[in-house]
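Okay, thanks for coming, everyone. Let me put the model up and then we'll walk through it together.

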Amino acid sequence: MAVPPPCRPTVDHHHVYQGNRPGISSSIMGKSFSKPPSNPFKESNFFKFNHTTYTQPPPEESPAPRPSIFATLRKPPVVKPTDFIPLFNDCISAAASRTQEYLLFQDPEVKFHPSPEVLTQVFLMTYITQSLGLNMTDTFNCTAMTPEQRILLGADWVWALLQKPTKNPRIQIAVQILHLPEREEAEENWGPPEGFSESIQMAQKATGNKTMCERLVDFCASVGKDCYALFLFFGRKNDKGNIYGVLSNNFQAAIGKCDKIDRPLIENFFKGSRYLHTPSGMMQAIVTKKEGDPLTLMMKFT
């Protein structure tokens with residue numbers, strides 16, 4: 001009996017698997033299947049997410065340019081105590097020049113004689129007007145004395161270098177005007193003492209027998225070394241048309257060494273002086289001096 005040949009699977013050549021071509025059906029062992037597409041994740045719902053759509057915000061406005069690092073390193077200028085000196089010099093020049101016109105004036109009819117009080121007021125008012133125009137009163141102040149204060153303190157006015165922002169006086173200069181002897185004698189004979197007010201008479205009694213120069217020295221000594229006595233000479237014996245000055249914070253050293261502090265004693269300072277400072281030089285020496293050191297200067301203001 002003949003043995004039949006072994007069974008072989010029948011292949012359908014029309015459905016044979018051909019490579020990786022998508023969409024082609026194949027059958028193996030009588031079971032047919034379809035080839036998946038080449039990108040299996042493209043159509044899969046498993047990997048689909050519900051993405052939220054975000055809108056990109058509009059660009060912000062261009063911010064202001066940032067300052068340069070070098071600009072931040074620059075500090076605002078610091079006001080130096082010497083910044084007011086040129087302005088002070090301008091005020092003094094104007095006041096001294098205006099006063100000098102009266103010192104040199106000669107009335108052909110000999111009817112006009114500027115009194116010491118008028119000369120003092122001309123200098124002071126000219127200075128104040130000039131300082132207000134230069135806006136320097138917040139730095140360097142000027143305070144005129146009342147008649148009573150003038151008798152008690154011996155000062156016609158007081159200059160003060162002010163601290164910022166408190167405006168407390170850091171340096172003070174108390175000024176007394178010394179006139180030519182003939183002018184002072186004429187003013188003393190002009191009005192009788194009875195014409196003075198009661199407050200002025202009381203101030204005169206309170207000063208005792210001290211001279212006006214000694215009252216000024218006492219006042220400055222009571223304040224300290226940062227208070228200077230400045231005697232302005234409106235004319236001197238051999239030079240009646242110019243204004244000179246003697247400044248010191250050490251006049252009290254003369255007290256006890258001489259009979260009294262008066263015009264001749266102060267004017268004697270010029271004999272040993274070889275150099276006369278200008279108003280700006282005087283102020284420069286004051287603000288650069290070491291605290292507590294004595295300082296004595298002679299100046300010419302015209």
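So, how many helices and strands does the secondary structure of the protein come to? The count is 9 helices and 8 strands, where helices (H or I, at least four residues) and strands (E, at least two) are DSSP runs numbered from the N terminus. Before going further, the housekeeping: this is a predicted model, with local features needing pLDDT of at least 70 and side-chain atom pairs counting only at pLDDT 80 or more, while totals for chains, interfaces and linings use all residues. Residues are numbered from 1 along each chain as its sequence is written, and side-chain values use heavy atoms, with hydrogens and water left out.

Overall numbers next. There are 302 residues, and 32% of them count as buried; buried is under 20% relative accessible area, exposed is over 50%, and partly exposed is in between, with a 1.4 Å probe and protein chains only. The accessible surface comes to about 20900 Å², with 56% of that belonging to carbon and sulfur atoms; the areas are Shrake-Rupley, again with a 1.4 Å probe, and for residues only the protein chains shown count as cover. As for contacts, meaning heavy atoms within 4.5 Å, take the ones with a separation of 6 or more: 61% of those are between residues 24 or more positions apart.

On to the inside. A nonpolar core here is a set of buried Ala, Val, Leu, Ile, Met, Phe, Trp, Tyr and Cys residues joined through side-chain atoms within 4.5 Å. The largest one has 37 residues, and those with the most contacts inside it are F88, Y127, W159, L230, L232 and M282. Helix α2, residues 85–104, gives the largest share of this core, 7 residues. There's also a second, separate core of 21 residues, which includes C220, F233, V246 and I266. As background, nonpolar side chains tend to be buried together in soluble globular proteins.

α7 covers residues 212–223, which is 12 residues, and reaches 17 Å from its first C-alpha to its last. That's close to the expected 16 Å, the expected span being 1.5 Å times one less than the number of residues.

Now α4, residues 147–153, where R150 is found. R150 is partly exposed at 33% relative accessible area. Not counting residues up to four places away, R150 touches M145, A155, D156 and M212. R150 and Q176 are 26 residues apart in sequence, and their C-alphas are 8.9 Å apart in space.

D156 comes up again with T120. T120 is in helix α3, residues 116–133, and is buried at 12% relative accessible area. Beyond four places in sequence, T120 is in contact with D156, W157, I177, H179 and F234. The T120 side chain also reaches the backbone oxygen of P116 at 2.9 Å.

Last topic, charges. Side chains of opposite charge can pair when their charged atoms come close. The structure holds 8 salt bridges, each a side-chain nitrogen of Lys or Arg within 4 Å of a carboxyl oxygen of Asp or Glu. In one of them, K240 pairs with E182, the closest N and O atoms being 3.4 Å apart. K240 lies in strand β7 and E182 in helix α5, so the pair ties together parts that are 58 residues apart in sequence. K240 is partly exposed at 47%, and E182 is partly exposed at 41%.

D218 forms another with K210, with closest N and O atoms 2.5 Å apart. D218 is partly exposed at 27%, and K210 is partly exposed at 40%.

Then there's E267 with R236, closest N and O atoms 3.4 Å apart. E267 is in helix α8 and R236 in strand β6, 31 residues apart, which links distant parts of the chain. E267 counts as buried, at 18% relative accessibility. Through shared partners, salt bridges join R236, R263 and E267 into one network.

Key: A polar contact is a pair of N or O atoms within 3.5 Å; within protein, one must be able to donate a hydrogen and the other to accept it, and residues adjacent in sequence count only if both atoms are side-chain atoms.
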